[in-house]
Amino acid sequence: MLITQLKPKETIASIAGSKAFYITCEGCREVYFPEEEAAQLREEAAGIGSLVTDYICNPDNLMFQLEKHMEKLNAADTIVVFSCGVGVQTVSACFTGKKVYAGCDTYPLPGGQGVTPLEYDCDQCGECHLNSTGGICPITACSKSLVNGQCGGAKYGKCEVDKDMDCGWERIYRRLEAAGLTDSLLYPVKIRDFAVE
C-alpha cells in the first residue's frame, strides 16, 4: 500500500512555470491520493493544459490518453505529474527530451502492494528524487540506492553488482543530457532521510 502527498505549493510553482502541462493519476482508489488539493492546484496554476486519468503506470493506457493532448504537451516547457513515483517514471520515459517533474511524494503504508506492469519501481521513500534525476529513480535504478551520483564501479554502462543491469546513474545522465538538464546534477549533497519510511 502507499500514500501520496502533494509537494509544497512553493516547490510546485518553482518547477512548473507558466507553460506547464499537468497530468494527474487517480487510478489507485484504494490508497490515499489528494484529489481535491491537486484539482485546486491545477485550477490556480497558469499552465497550458491538464489531463486527469487513471493508471498512468500502464504505458498503453497512458499513450492512448496522451494522444488527445499532444499539441499542448509538445508546446509545454514542463510536465508536472501528480502520482506515485511509478507514474512519474512512466511519463518521463514518454518524453525523454522534456522536463518531467513529480508533484507528489510517496510514502509506504502497511499492507499488500499492487502489481505494476512495468520495470519501474517506487521505493516509497517519502522524499522523491525524480525532479533532479530526469524522472529516473536513483534509489530503485541503482543497485546501491545511491542518491548523489555513480559509484564508479560501472563498466560499459553495466552495474558492478548486477552485470545484466544498466547503471542507473548512467541512465540518469543520458536522460538529463537529452533534455539539456545536466546542470541539475549540480545540487548540494543529499542525505537520505530514512525517518520518513
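Predicted model: local features only at pLDDT ≥ 70, side-chain atom pairs only at ≥ 80, totals over all residues.

Student: Okay, how many aromatic pairs does a search of the whole structure find?

Tutor: The search turns up one aromatic pair. Its rings belong to Tyr22 and Phe82, with centres 6.0 Å apart and planes at 10 degrees, so the pair is stacked.

Student: Which strands do Tyr22 and Phe82 lie in?

Tutor: Tyr22 is in strand β2 (residues 20-25) and Phe82 is in strand β4 (residues 78-82), so the pair ties together parts that are 60 residues apart in sequence.

Student: And is Tyr22 buried or exposed?

Tutor: Tyr22 counts as buried, at 4% relative accessibility. Phe82 is buried too, with a relative accessible area of 0%.

Student: Switching to strand pairing: how many bridges join β2 to β3?

Tutor: Five bridges, and the two strands run parallel. For one of the partners, take Cys25, which is bridged to Thr53 in β3.

Student: Which residues make up the covered face of β3?

Tutor: In β3 (residues 49-53), Gly49, Leu51 and Thr53 form the covered face, while Ser50 and Val52 are on the uncovered one.

Student: Now the largest nonpolar core. Which residues touch the most other members?

Tutor: Ile23, Ile79 and Val91 do, out of 22 residues in that core. The elements giving two or more residues to this core are β2, α3 (59-67), β4, α5 (85-94) and β5 (99-102). Of these, β2 gives the most, with three residues. This core also draws at least three residues from each of domain 1 (3-107) and domain 2 (130-185).

Student: What is Val91 in contact with, leaving aside its neighbours within four places in sequence?

Tutor: Val91 is in contact with Ile23, Ile56, Leu62, Ile79, Val81 and Val100.

Student: What area is buried between domain 1 and domain 2?

Tutor: About 870 Å², with carbon and sulfur atoms giving 55% of that. On the domain 1 side, Gln89, Ser92 and Thr96 supply 44% of the area buried against domain 2, more than any other three residues.

Methods
Residues numbered from 1 in each chain as written. Heavy atoms only, no water. Phe/Tyr/Trp six-rings, centres within 6.5 Å; stacked < 30°, edge-to-face > 60°. Helix = DSSP H or I, 4+ residues; strand = E, 2+ residues; numbered from the N terminus. Buried < 20%, exposed > 50% of the residue type's maximum accessible area, 1.4 Å probe, protein only. Pairing = 2+ DSSP bridges. Core = buried A, V, L, I, M, F, W, Y, C linked by side-chain atoms within 4.5 Å. Domains from an automatic or database assignment. Contact = heavy atoms within 4.5 Å. Buried area = accessible area lost by both parts, 1.4 Å probe.
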